[in-house]
Amino acid sequence: MTDVRVALGERSYDVHVEAGALDRAGELLKPFAKRGRFVVVTDENVARDQWPRLSASLDATGIAHAIEILPAGESTKSWANLARVTDRLLEEGVERSDTVIALGGGVIGDLVGFAASMLKRGCNFVQVPTTLLAQVDSSVGGKTAINTKAGKNLIGAFYQPVHVLIDPTTLDTLGRREVGAGYAEVVKYGLIDDPAFFDWCEVNGPALLDGEAQAREHAIATSVAAKARIVGEDERETSGTRALLNLGHTFGHALEAETGFSDVLLHGEAVAAGMALAFRFSASLGLCPAADADRVTAHLRAAQLPATLREAHVDTTGAALVAHMLHDKKMEGGRLPFLLARGIGQTFLDKQVDLGAVERFLDSERAL
Ligand SMILES: NC(=O)c1ccc[n+]([C@@H]2O[C@H](COP(=O)([O-])OP(=O)(O)OC[C@H]3O[C@@H](n4cnc5c(N)ncnc54)[C@H](O)[C@@H]3O)[C@@H](O)[C@H]2O)c1
Ligand SMILES: O=C(O)C(=O)C[C@@H](O)[C@H](O)[C@H](O)COP(=O)(O)O
Ligand SMILES: [Zn+2]
């Protein structure tokens with residue numbers, strides 16, 4: 001069992017990690033059920049595999065509940081579903097001091113968090129993440145959003161949950177491909193500033209991907225602690241510290257846009273390819289040893305994650321990918337700050353990157 005505090009003044013909250021916590025959720029979440037009632041939003045797969053556990057626990061504690069079940073997948077992060085969730089919360093008579101539960105992966109967490117930020121100008125929400133990606137990354141930190149025609153997460157808000165409840169055993173029903181996608185965001189913490197954790201991933205990644213409980217819990221606890229520390233330092237991504245969490249995402253979001261935010265390329269898979277590209281781009285600029293870029297590429301491939309444009313199912317020009325990047329939220333004064341690396345565990349934000357060089361690099365990558 002681990003508890004991590006996200007320290008944000010009056011918006012501080014705890015992230016509670018405990019195997020089996022979902023079966024005790026009624027008791028653990030009771031303090032947030034102000035009127036003895038929760039509205040839970042989830043998706044169809046989680047409704048089938050994990051909702052029965054939460055619902056039984058709420059029943060056992062005498063907490064009334066209503067549930068809204070959305071379709072699964074990235075396309076659920078849409079204006080239409082934002083309207084559907086907010087309409088349902090209004091129908092259910094949710095008040096500002098009530099708490100909505102987001103039960104699911106990053107898609108549900110991002111969408112429901114955004115809906116909660118808008119409902120009567122903000123009601124409480126609890127994240128109960130059920131994918132590895134959501135447990136190590138998206139449930140913590142308060143970035144909420146939907147996708148639009150122009151790109152990824154372009155409409156959203158910083159809006160913190162009041163609590164995060166993580167039960168690693170919910171991952172027992174998650175598919176191998178989705179576990180792999182979450183693993184990319186685990187590896188990210190090692191690559192950002194924790195080379196010893198990257199070493200740990202090289203040794204223990206296979207066990208984690210196989211669902212070995214100890215490896216899984218260590219990865220979740222380490223990732224949540226890293227994310228809480230970074231978010232605590234720079235909640236709204238203004239100082240440059242939080243931008244480190246965007247390693248691989250400028251390339252990755254462009255790859256997701258190119259594949260139409262579809263099942264062809266999951267977010268975590270796009271991030272894996274994006275991190276490999278960021279390391280090889282850094283090596284091509286002479287910033288990072290080629291051996292480190294090779295090590296990153298090899299580790300992601302060993303985890304069956306894509307590490308090249310071809311492996312990410314993207315066959316387009318550097319210019320087309322850079323055009324997607326111009327929507328990146330890090331754009332500042334017409335320039336795009338890039339996350340580059342001097343080596344494993346030495347990521348930094350470079351504000352002077354020439355987009356022409358990015359374009360030429362991506363064109364050269366098409367041959368791989
Ligand atoms: N807010 C943030 O800080 C942040 C961070 C990282 C990623 N994200 C966002 O998260 C999203 C990706 O999240 P994701 O990878 O969790 O995808 P997801 O939410 O689409 O879940 C992946 C799939 O797994 C299914 N699923 C979820 N839990 C399950 C379980 N326990 N058993 C069986 N099936 C289960 C879902 O139904 C879905 O089909 C992207 O939109 C990304 O932009 C946000
Ligand atoms: O929490 C953050 O900050 C992150 O950047 C985490 C990322 O893994 C996540 O995908 C996030 O949603 C990307 O944010 P965006 O601002 O680039 O949309
Ligand atoms: Zn991400």
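Five helices, α2 (44–49), α5 (106–118), α6, α7 (176–193) and α11 (267–284), each put at least two residues into the shell around ligand 1. Keep in mind that this is a predicted model. The chain splits into domain 1 (2–173) and domain 2 (176–365), and each of the two gives at least three residues to that shell.

**Around ligand 1**

- There are 33 residues around ligand 1, and the ones that come nearest are Asn-45, Gly-105, Gly-106, Thr-131 and Ser-138.
- Sorted by class, the shell around ligand 1 holds 15 polar residues, plus 9 nonpolar and 9 charged ones.

**How the two domains meet**

- Contacts between them involve 31 residues of domain 1 and 32 residues of domain 2.
- On the side of domain 1 that touches domain 2, the elements giving two or more residues are β1 (2–6), β2 (13–17), α6 (132–138) and β8 (151–158).
- The top contributor on that side is α6, with 5 residues; α6 also supplies at least two residues of the shell around ligand 1.
- That side of domain 1 has 17 nonpolar residues, alongside 9 polar and 5 charged ones.

**What the record says**

- An unreviewed UniProt entry annotates residues 69–179 as "domain: 3-dehydroquinate synthase N-terminal".
- Within residues 69–179, the chain is 33% helix and 29% strand.

Note on methods:
Residues are numbered from 1 along each chain as its sequence is written. Chains are lettered from A and ligands numbered from 1 in the order in which they are written. This is a predicted model: local features need pLDDT of at least 70, side-chain atom pairs count only at pLDDT 80 or more; totals for chains, interfaces and linings use all residues. UniProt positions are given in the numbering used here, feature names are shortened, and annotations may be inferred rather than shown by experiment. Helices (H or I, at least four residues) and strands (E, at least two) are DSSP runs, numbered from the N terminus. Domain bounds come from an automatic or database domain assignment. Two residues are in contact if their C-beta atoms, placed from the backbone, lie within 7 Å. Ala, Val, Leu, Ile, Met, Phe, Trp, Tyr, Cys and Pro count as nonpolar, Asp, Glu, Lys and Arg as charged, and the others, Gly among them, as polar. A residue is near a molecule or strand if its C-beta atom, placed from the backbone, lies within 6 Å of it.
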